[in-house]
Amino acid sequence: MDWFSQLCVAVFIAFVIAFRAHRKKSLSNSGAIAGFFVMALHIFVGYRFGAVLLAFFFSSSALTKFGEDKKRTLDPEFKEGGQRNWIQVLANSGIASVLVIAIWVLTEGQDKCLNSKDSPLITTLIGAVIGHYSCCNGDTWSSELGILSEDKPRLITTFKHVKKGTNGGVTKTGILAAAAAGSFIGLSFVLLSFSTTRCESSTVFKQLLVLPIATLAGLCGSLIDSLLGATLQFSGFCSVRRKVVGKPGPTVKKISGSNVLDNNAVNFVSILLTSFFTAIACWYIF
């Protein structure tokens, strides 16, 4: 398929998904516009990059809506349908968008296998994209399923029990969900790679190592996010709203953390770190 045909396909798919997500309140007006451009870019550069982005988007949107009644009583910033605006879209896809542009320029639009001997820089960049969406998905699955768990969360820094919704609180369910989320991203990447990329016989089956790498990236990304949330993001209990809130106030009793980073900033930093570590792992393993 030539680049113009692939661009047309990318624009069409991105428009349909963004329009549908806006109607279902998964994306706000600004989120739908930003999401359209991000999706079109990923799909145009390579279907496997579009696959990991869409695997993250569809699964996280579905889980955000799962158990909404219970989440509404726990989350002070609850939005019907989990509407994401342009800031949230870019916080969860901005780094990957820069990476896929770099990959497109370096490969001249050709799909490349993970192979450090042949192309170490490209392998590193692809690894960073895998780590990026494994982290995003791991954090989302962990948060959305962990808050519904019957287990009482423990603060990751002290292991003391904390109220549900506390930044940095972890549960067994959440930890397992993060690992499963990473696996889902890895599987999406591998399946599309086998159908769109031609690898040398010596490296074709080695591509399956993406699965355990993505699993670890999902798990570690979620733990990094929790660690940042417990230390650099404020959590307190509001006596008026009877909920855990993310900003200090006269009616708020501090639970943990400092008011340094908000949720989007925590996501951005955890994604950046996970992308870096996954990139190094892929460079070394492949």
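This is a predicted model: local features need pLDDT of at least 70, side-chain atom pairs count only at pLDDT 80 or more; totals for chains, interfaces and linings use all residues.

Does Ala-179 count as buried or exposed? I looked it up, and Ala-179 counts as buried because its relative accessibility is 18%. The cut-offs are under 20% relative accessible area for buried and over 50% for exposed, with partly exposed in between, using a 1.4 Å probe and protein chains only.

Residues are numbered from 1 along each chain as its sequence is written, and side-chain values use heavy atoms, with hydrogens and water left out.

**Entry: around Ala-179**

I placed Ala-179 in helix H8. Helices here are DSSP runs (H or I, at least four residues), strands are E runs of at least two, and both are numbered from the N terminus. I then checked Cys-220, which is 41 residues from Ala-179 along the chain; their C-alpha atoms are separated by 8.4 Å.

**Entry: aromatic pairs**

I counted rings of Phe, Tyr and Trp (its six-membered ring) as a pair if their centres lie within 6.5 Å; planes under 30 degrees apart are stacked, over 60 edge-to-face, and the rest tilted. By this rule there are 8 aromatic pairs. One of them joins Phe-36 and Phe-37 edge-to-face, at 5.1 Å centre to centre and 70° between the planes. Phe-37 counts as exposed because its relative accessibility is 56%.

Phe-49 and Phe-189 make a tilted pair, with 6.4 Å between centres and 50° between planes. Phe-49 sits in helix H3 and Phe-189 in helix H8 (residues 172–196), so this pair ties together parts that are 140 residues apart in sequence. I found both Phe-49 and Phe-189 buried.

**Entry: the sheet**

Which order do the strands of the open sheet take? I read it as E4-E3-E5, 3 strands with antiparallel pairing; strands pair if DSSP finds at least two bridges between them. E4 and E5 are the edge strands, each pairing on one side only.

I went through E3 (residues 235–238) face by face. Ser-235 and Phe-237 are on one side, Gly-236 and Cys-238 on the other, and all are buried. E3 runs antiparallel to E5 (residues 252–256), joined by 4 bridges. In E5, Ser-256 is the bridge partner of Ser-235, and Lys-253 is that of Phe-237.

On the E4 side (residues 243–245), I found 3 bridges to E3, again antiparallel. Gly-236 stands opposite Val-245 there. The E3–E4 hairpin has 4 residues between its strands, and Arg-242 in the turn has a positive phi of about 60°.

**Entry: the cavities**

How many cavities of 30 Å³ or more does the structure hold? I got 3. A cavity is a set of points on a 1 Å grid over the protein atoms alone, where a 1.4 Å probe fits but cannot get out; lining residues have an atom within 4 Å of a point.

The largest cavity has about 160 Å³ of space, the volume being the space filled by probe spheres set on the points. Its lining has 13 residues, with Leu-27, Leu-53, Phe-56, Phe-57 and Val-89 nearest the centre. Helices H2 (29–45), H3 (47–65) and H5 (86–91) each give two or more residues to this lining. H3 gives the most, with 4 residues.

How values were computed: On a 1 Å grid over the protein atoms alone, a cavity is a set of points where a 1.4 Å probe fits but cannot get out, and a pocket is an open set with protein on both sides within 12 Å along at least five of seven lines; lining residues have an atom within 4 Å of a point.
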